[in-house]
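Visitor: Could you walk me through this one, starting with the ligand?
Guide: Gladly; here it is.
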Amino acid sequence: MHIERLTPNDLAGCVGLAVDRDWQPEEPKWRLLFGVGDAYGVRDEQGGLAGCAVLTRYGPSAAVLSNLLVARRHERQGIGAGLVRHVLAAAAPATTLLYATTEGRELYRRLGFEDVRTANVWVGRFGLVRVDSPRSRPAISADLGPIVKLDSEVYGVDRAHMLARLFSAAEQVRVLEEDGEIVGYATRYASDDWQAIGPVVAPDEDGAQALITDLAEGAEGPVRIDLLDDQRNLGEWLTGCGLATVYQATFMRHGSIPEGRPAQMFAPVGHALG
Ligand SMILES: CC(C)(COP(=O)(O)OP(=O)(O)OC[C@H]1O[C@@H](n2cnc3c(N)ncnc32)[C@H](O)[C@@H]1OP(=O)(O)O)[C@@H](O)C(=O)NCCC(=O)NCCS
């Protein structure tokens, strides 16, 4: 099997694979992924894409594998497994993390990934009526440095290049401050059918709720948040705000998870970026 590095010229082909597998097209997400990660693909006899996968590296010790897709007409021919092996070799010796669909999970397990926890996708129109004034404030460009520092302490590795791109693509970035220091942040960015909120980094659940409320209030239409399953209270709160779980994925690792402060990471950027 010949696996090649894809270029932005293949973006439409990747979107086509997504649509073929009943995923949303999510062109803005693909553009962001091609900007921050390395996309790999396998071509069919006509030169079209038979499969693809994206690897986003966070320094030498961690990487995220995402958007593994194989065209229906080519499924169960070993293309998916071949792409995952290739990406793992490209990422080595870094730990590779991912959010698996039910279809992908068995394949990943066979290739040495282990379950970490489930991750629920919450979607809905945010209907909380606010009684307090906003607790967070919109970020300014000078906040990027402190945000990158906070994120690397909480996530465990430096994600500066991805965060810089995410902030320029985001509709809004907000920060929480305590004694003049940034202690939390979150972003809201547009996707096809909703506005996604993530990552959500906060010192505690109150802070996470403040960031989510302040971002969701400015959103038109439904919002999406990918929560990790140990954030149970936040899930109950989201239910009260009008959101519901629409889909469950499994957060998996190949290697050891970077040491950070996971209790302060309430939501990832999204499944594609960890
Ligand atoms: C998941 C996916 C990428 C697998 O691609 P593929 O090329 O068909 O996979 P392979 O042929 O390499 O399969 C390798 C093994 O993975 C497992 N596997 C593959 N598809 C599976 C499925 N639908 N259900 C359960 N196990 C599956 C099997 O163990 C398989 O080995 P086998 O065929 O000998 O039983 C493909 O089904 C797909 O694109 N699905 C939709 C998108 C998706 O869910 N991607 C995963 C994102 S996390």
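Guide: Helix H4 gives the most to the shell around the ligand, with six residues; helices (H or I, at least four residues) and strands (E, at least two) are DSSP runs, numbered from the N terminus. The model is predicted, with local features needing pLDDT of at least 70 and side-chain atom pairs pLDDT 80 or more, whereas totals for chains, interfaces and linings use all residues. Residues are numbered from 1 along each chain as its sequence is written, and side-chain values use heavy atoms, with hydrogens and water left out.

Visitor: Which residues come nearest to the ligand?
Guide: Arg-76, Gly-78, Gly-80, Ala-81 and Thr-101 do, out of 21 residues around the ligand, where near means that a heavy atom of the residue lies within 4 Å.

Visitor: OK, how much of the ligand does the protein bury?
Guide: The protein buries 82% of the 900 Å² that the ligand exposes when taken alone, with accessible areas from the Shrake-Rupley method and a 1.4 Å probe; for residues, only the protein chains shown count as cover.

Visitor: Switching to strands, how do E6 and E12 pair?
Guide: Strand E6 (residues 114-124) and strand E12 (residues 244-254) pair in the antiparallel sense over nine bridges, pairing requiring at least two DSSP bridges, and Asn-120 stands opposite Gln-248 in E12.
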